[in-house]
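Here is a short note to read alongside the model.

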Amino acid sequence: MSGSSLVSQPFPSIVTTSEMQAIEAAMFAAGLPIAALMEKVGQRLSDRLCCLYPVTTHPKVGVLAGPGHNGGDALVVARELWHRGYTVTVWQPFSRLKPLTADHAKYARFLGIPFTSEVAELATANLIVDGVFGFGLERSVSHELGAAFAQVNQWCVPRLSIDVPSGLCSDRGAVLGTAIQATRTLCLGLWKRGLLMDEALPWVGEAELLTFDIPATIIDNVLGTTPRRYCLDSQCWQLLPLARSPITHKYRQGQLLLIGGSARFGGSILLSALAARCTGVGMLVVAVPNSLKPLVLARIPDAIVVGCPETNTGAIAHLPADLDLQRVQAIACGPGLTTAATTVIEQVLAAGIPTVLDADGLNILAALSPWPLAAPLVLTPHLGEFRRLFPDLSAEGDRLEQVQAAAAHTNCLVVLKGARTAIATPAGNLWINPASTPALARGGSGDVLTGLIGGLLAQQELLHSTLGGIWWHAQAGLAAAKQWTTLGVYPERLVDALLPTLSAKKPDFLSHQRGSEFPHKCRE
């Protein structure tokens with residue numbers, strides 16, 4: 001499935017260094033002068049920088065300029081900020097420069113912008129603009145340069161990196177000896193793969209894409225059609241099944257079966273149910289151990305609560321014989337289940353219903369051999385669960401390669417949760433969610449996500465439901481952290497933030513009628 005088939009405009013592509021180099025080369029071969037691109041990029045960087053850091057609050061700017069075109073971009077920014085009233089000082093520790101960068105340095109000196117060979121002279125700046133190295137750096141940063149970067153990182157001022165923090169590998173997100181620890185990174189043109197790795201996050205800071213109008217034909221010619229990598233953005237709101245026919249009824253708005261809970265973990269399934277209810281699913285059925293039925297009914301009175309036989313440890317022994325799985329459009333299974341409920345997972349997988357599998361549902365699946373994977377499945381492991389599911393993959397490649405390999409191996413949609421959640425399809429397509437908050441790093445957040453994806457899956461197809469649910473979950477977490485701080489986003493508050501977050505977006509597609517209501521297969 002391509003990005004353009006999901007929403008009105010394709011999601012922004014994620015590229016490797018070689019792919020970005022090929023895209024830029026194609027633009028230059030088509031007639032775009034390198035100087036024109038540098039000027040355009042520099043102007044857009046300057047405009048955004050002035051918006052983020054006005055001259056009234058950040059009057060003194062230190063610019064770190066490298067020898068290549070990233071340094072040229074930084075020098076255009078230095079010139080523009082100088083013209084707009086900022087006090088600018090440039091640190092350029094290189095004597096050999098690319099010709100275009102040398103021209104910009106020459107003109108900056110003509111304007112009277114001061115240059116320095118000592119990075120310490122920038123210590124009084126209110127803002128540091130990092131343009132030493134761009135994408136494609138492969139060698140480790142030299143000792144002298146690394147010492148300068150470490151010095152800059154100690155200053156208590158914002159550090160804005162152009163395209164990629166200097167010293168960071170743009171493919172893998174690894175630090176090449178030492179790197180600038182950016183407060184914010186303005187990625188240019190297309191997302192660089194390394195910026196979206198979990199391990200890069202402490203160095204990238206708040207990442208933002210700054211486009212410069214790359215023709216879609218060039219992107220498609222270089223990247224091809226499949227597999228592709230995409231970065232989720234606000235277009236994900238279009239993936240939520242919000243619009244309804246004025247003559248609809250509950251049986252046409254999907255029916256979700258949630259399965260989970262145990263004597264040990266009684267709250268997990270409640271969190272999933274509360275989140276699923278926020279999706280507007282027409283009918284919510286919750287299957288829990290008999291002992292939990294009164295608790296769930298008290299909290300979710302609009303749900304159909306099914307009591308199940310229990311094991312001696314308070315887990316679900318098996319699903320009741322009169323629970324017809326074929327009547328539901330989707331199943332979400334696992335929160336609070338415990339690994340004693342192996343029979344439940346076997347029953348669910350045998351039903352062939354689109355299913356979200358999480359928590360102990362995944363741990364049970366990992367112990368089964370062979371895996372009975374007849375149903376369309378969404379697997380939502382965190383890193384520990386992923387390693388149990390795919391022990392042969394966990395030692396090879398980085399996490400993006402691993403999740404793609406897992407999806408291809410299982411023919412499932414695999415969601416590897418983390419600071420930058422990654423979603424892979426069996427065909428190799430990959431989506432990364434760049435928006436998250438450490439406020440979600442607490443027990444119960446994943447249960448909320450399971451309920452969200454399950455409720456959406458009962459109303460539409462599998463990929464839309466997964467991407468939309470992941471985006472919605474993260475945005476609600478960000479909104480809740482803003483209101484209650486990072487420490488205050490416990491799962492019930494996360495649930496409380498779901499509908500207000502959705503309402504605040506006021507998407508214009510709410511009034512539009514969507515297509516077929518239950519197209520469940522994930523079409524590539």
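**Notes on the model**

1. **Ring pairs.** Five aromatic pairs turn up in a search of the whole structure. Tyr-107 and Phe-110 are stacked, because their ring centres are 5.9 Å apart and their planes meet at 20 degrees. Rings of Phe, Tyr and Trp (its six-membered ring) pair if their centres lie within 6.5 Å; planes under 30 degrees apart are stacked, over 60 edge-to-face, and the rest tilted. This is a predicted model: local features need pLDDT of at least 70, side-chain atom pairs count only at pLDDT 80 or more, and totals for chains, interfaces and linings use all residues. Residues are numbered from 1 along each chain as its sequence is written, and side-chain values use heavy atoms, with hydrogens and water left out.

2. Tyr-107 and Phe-110 are three residues apart in helix H4 (residues 99-111), so about one helical turn separates them. Helices (H or I, at least four residues) and strands (E, at least two) are DSSP runs, numbered from the N terminus. An α-helix has 3.6 residues a turn, so residues three or four places apart point the same way. Tyr-107 is partly exposed at 40% relative accessible area. Phe-110 is exposed at 66%. The cut-offs: buried is under 20% relative accessible area, exposed is over 50%, and partly exposed is in between (1.4 Å probe, protein chains only).

3. **The tilted pair.** Phe-386 and Phe-390 have ring centres 4.9 Å apart and planes at 50 degrees, so this pair is tilted. Both Phe-386 and Phe-390 are buried.

4. **Nonpolar cores.** The largest nonpolar core holds 59 residues. A nonpolar core is a set of buried Ala, Val, Leu, Ile, Met, Phe, Trp, Tyr and Cys residues joined through side-chain atoms within 4.5 Å. Among the residues with the most contacts inside the largest core are Leu-284 and Trp-472. Elements giving it two or more residues include strand E11 (255-259), strand E12 (283-289) and helix H15 (462-484). H15 gives the most, with nine residues. A second, separate core of 55 residues includes Cys-187, Cys-333, Ile-345 and Ile-432.

5. **Helix H15.** How many residues of H15 are buried? The count is 18 of 23, so the rest of the structure largely encloses H15. H15 spans 32 Å from its first C-alpha to its last, close to the 33 Å expected at 1.5 Å a residue. That expected span is 1.5 Å times one less than the number of residues. Just after H15, Thr-485 takes a positive phi of about 75 degrees.

6. **Lys-40.** Lys-40 lies in helix H2 (residues 34-52). It is partly exposed, at 32% relative accessibility. Val-76 is 36 residues away from Lys-40 in sequence and 9.4 Å away in space, C-alpha to C-alpha. Leaving aside neighbours within four places in sequence, Lys-40 is in contact (heavy atoms within 4.5 Å) with Phe-212 and Asp-213.

7. **Ser-170.** Is Ser-170 buried or exposed? Ser-170 is buried, at 2% relative accessible area. Its place is the loop between strand E6 (159-162) and strand E7 (184-188). Residues touching Ser-170, beyond four places in sequence, include Phe-135, Lys-192 and Arg-193.
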